[in-house]
Amino acid sequence: MTILDSARQTFRLEAEAIANLTHKLTSDFEGAVTAMLRVKGKVIVTGMGKSGIIGKKIAATLASTGTSSFFMHPGEAYHGDLGMIGKEDVVLALSNSGQTDEVLKLIPCLQNNGNVVIGMTGRPESTLARNSHYHLNVAVDDEACPLSLAPTTSTTAMLVMGDALAIALMNQREFKPEDYARFHPGGSLGRRLLTRVGDVMRREDLPIVPPGLTLADVIIRISDARLGVAVILEHDRILGLVTDGDVRRAM
């Protein structure tokens, strides 16, 4: 098999796995979205190994699209981080086998705490699936890995299912660009939608000049302020603006 053929086969296998997820959706998906939509606390995502890495991305996507969420490492949880979980939180647990020991150890604690548990596994009969309030089936026929060992297709399926949850929640909330911008104030969208004139321009920043000032002095004030403009002010009343273009034309 050539290098390009290997890539094409990987794309094909993973694309087929994603397409097959459509047939695995049940009412549990609706139940999971409803639970996450109504949660009074946070959505806490957990998973071990590669599933955990996917879980971190899912938690980040949820958090940035209106669902308060964070990732909790199951190993650390069993050694104290369970204190992060409140009774009103929803837990999204990821495990392809549904038998990951570090994740299963959390189940009794979550049950005693009264948390809603959403399990995302590739085995509907697994321990995690059977002990979840809602199960999201991400089973795949084959891994893209030629040894069928390295998580490849299975982690892609998890990632896409996580995206499906986030998008469904966005649609239910009628999430708008302005909402997205609130969680991304540092991005171009956030700056465009949220930045106001007062955030970038204040009176103390403006070069203010009286109407009787000489043109030479106005040029100095414009140059010092580096804003390309001076405001002509008299008795707190703006008479007009002088721009560097005005100065060039006058000279």
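The model is a predicted one, in which local features need pLDDT of at least 70, side-chain atom pairs count only at pLDDT 80 or more, and totals for chains, interfaces and linings use all residues. Residues are numbered from 1 along each chain as its sequence is written, and side-chain values use heavy atoms, with hydrogens and water left out.

The chain has 13 helices and 8 strands, where helices (H or I, at least four residues) and strands (E, at least two) are DSSP runs numbered from the N terminus. Helix 8 covers residues 153-173, and its 21 residues reach 30 Å from the first C-alpha to the last, close to the 30 Å expected at 1.5 Å a residue. The expected span of a helix is 1.5 Å times one less than its number of residues.

Axes here are lines fitted to C-alpha atoms, for helices over the stretch in contact, and angles run from 0 to 180 degrees between N-to-C directions. The axes of helix 1 (residues 3-21) and helix 8 come within 9 Å and cross at roughly 40 degrees. Helix 1 and helix 8 are therefore oblique to each other, since angles under 35 degrees count as roughly parallel, over 145 as roughly antiparallel, 65 to 115 as roughly perpendicular and the rest as oblique. On the helix 1 side the contact is made by Leu13, Glu14, Ala17, Ile18 and Leu21, and on the helix 8 side by Thr153, Thr156, Ala157, Val160 and Met161, contact meaning heavy atoms within 4.5 Å.

Helix 2 (residues 27-38) also packs on helix 8, at an angle of about 60 degrees and with the axes 10 Å apart. That angle makes helix 2 oblique to helix 8.

Helix 3 (residues 49-64) can be checked by its length, because its 16 residues should span 22 Å at 1.5 Å a residue, and its end C-alpha atoms are 23 Å apart, which agrees. Among the buried residues of helix 3 are Ser51, Gly52, Ile54 and Gly55, buried meaning under 20% relative accessible area, exposed over 50% and partly exposed in between (1.4 Å probe, protein chains only). Just after helix 3, Gly66 takes a positive phi of about 105 degrees.

Thr46 is found in strand 1 (residues 43-47), and Thr46 is buried, with a relative accessible area of 1%. Leaving aside residues up to four places away in sequence, Thr46 touches several others, including Phe71, Pro74, Val91 and Leu106. Thr46 and Pro74 are 28 residues apart in sequence, yet 6.0 Å apart in space, C-alpha to C-alpha.

For the chain as a whole, 38% of the 251 residues count as buried.
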